[in-house]
Amino acid sequence: MMRAQFFGKIEEIPETVKRMMVGCSWKPECPVSLENLRYVTVTHWGYDDAVHRGYLVVHTILADELLAIFSELFDAHFPIERMELIDVYGADDERSMAANNSSAFCCRAITNKPGTFSLHSYGVALDINPLINPYVKGDQVLPEEGRAFLDRTRPYPGIITKSLDNACYRIFTRYGYEWGGDWESPVDYQHFQKRLEKLQEVS
């Protein structure tokens with residue numbers, strides 16, 4: 001039986017995708033232009049142990065690197081339930097998280113910090129299996145349904161934990177990404193990012 005092979009592709013934002021994004025995940029006031037974003041297609045293992053195609057929008061400066069990361073995640077058989085553009089959810093972060101949708105670009109404020117662009121707004125941050133890996137700040141859990149997964153010792157499919165045995169943590173951090181699970185408050189188990197000062201000009 002032939003072993004499943006990873007597929008990945010990077011392209012400029014197709015016109016059909018631009019039409020979906022404009023006025024939804026991207027607006028003229030966003031800090032990055034559509035020209036500096038890339039549409040990335042990758043295969044990934046699903047929760048059903050089958051291979052699926054996923055789609056992300058990321059900054060061009062990280063596209064090649066992220067393709068390599070998802071290739072390694074595929075080889076490690078790390079499960080990702082779904083990977084759709086957040087525009088499928090009307091750019092509503094809570095709806096996307098509740099669906100356990102892994103995503104990257106979305107021009108929005110930092111959670112609990114209105115008026116300050118999140119690194120998602122630059123295409124340099126990703127959220128992986130956000131239902132299983134929720135955002136936690138005090139009594140606040142996002143998505144609310146993520147409360148069921150706060151016990152980080154349980155073997156939930158697609159969980160991210162601080163362990164070299166955890167492929168998602170190991171691979172992203174080896175490429176220099178900061179993991180939100182290492183923060184004191186909030187603790188953002190789903191979140192990986194590269195800070196702007198570590199990058200070249202991103203606008």
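The following legends describe close-up views of a predicted model.

**View 1. The largest nonpolar core.** This core comprises 33 residues, and Leu66, Phe70, Leu126, Ile128 and Phe172 have the most contacts inside it. At least two core residues come from each of strand E2 (37–45), strand E3 (51–59), helix H2 (60–75), strand E6 (125–127) and helix H4 (167–174). Helix H2 gives the most, with seven residues.

**View 2. The surroundings of Phe70.** Apart from neighbours within four places in sequence, Phe70 is in contact with Phe6, Val42, Leu56, Ile80, Met83, Leu126, Ile128 and Phe172. Phe70 also belongs to one aromatic cluster together with Phe172, Tyr177 and Phe192.

**View 3. The stacked pair Tyr39 and Tyr55.** The structure holds nine aromatic pairs. Among them, Tyr39 and Tyr55 are stacked, with 5.8 Å from centre to centre and 10° between the planes. Tyr39 lies in strand E2 and Tyr55 in strand E3, so the pair ties together parts 16 residues apart in sequence. Tyr39 is buried, at 12% relative accessible area, whereas Tyr55 is partly exposed at 29%.

**View 4. The salt bridge between Arg174 and Glu72.** Six salt bridges are present in the structure. In one of them, the side chains of Arg174 and Glu72 meet with an N to O distance of 2.3 Å. The pair links distant parts of the chain, as Arg174 is in helix H4 and Glu72 in helix H2, 102 residues apart. Arg174 is exposed, with a relative accessible area of 52%; Glu72 counts as partly exposed at 25%.

**View 5. Salt bridges Lys18 to Glu15 and Arg147 to Glu144.** The closest N and O atoms of Lys18 and Glu15 are 3.5 Å apart in their salt bridge. These two residues are three apart in helix H1 (residues 15–21), which means that about one helical turn separates Lys18 from Glu15. Arg147 and Glu144 form a further salt bridge, in which the closest N and O atoms are 2.5 Å apart. Arg147 is partly exposed, with 39% relative accessibility, and Glu144 is likewise partly exposed, with a relative accessible area of 45%.

**View 6. Arginine side chains over aromatic rings.** Arg53 lies over the face of Phe7, at 4.2 Å from the ring centre. Arg152 is placed over the face of Tyr189, at 4.2 Å from the centre of that ring.

Terms used:
Residues are numbered from 1 along each chain as its sequence is written. This is a predicted model: local features need pLDDT of at least 70, side-chain atom pairs count only at pLDDT 80 or more; totals for chains, interfaces and linings use all residues. Side-chain values use heavy atoms; hydrogens and water are left out. A nonpolar core is a set of buried Ala, Val, Leu, Ile, Met, Phe, Trp, Tyr and Cys residues joined through side-chain atoms within 4.5 Å. Buried means under 20% relative accessible area, exposed over 50%, partly exposed in between (1.4 Å probe, protein chains only). Helices (H or I, at least four residues) and strands (E, at least two) are DSSP runs, numbered from the N terminus. Contact means heavy atoms within 4.5 Å. A salt bridge is a side-chain nitrogen of Lys or Arg within 4 Å of a carboxyl oxygen of Asp or Glu. Rings of Phe, Tyr and Trp (its six-membered ring) pair if their centres lie within 6.5 Å; planes under 30 degrees apart count as stacked, over 60 as edge-to-face and the rest as tilted. A charge sits over a ring if NZ of Lys or CZ of Arg is within 6 Å of the ring centre and within 35 degrees of the ring normal.
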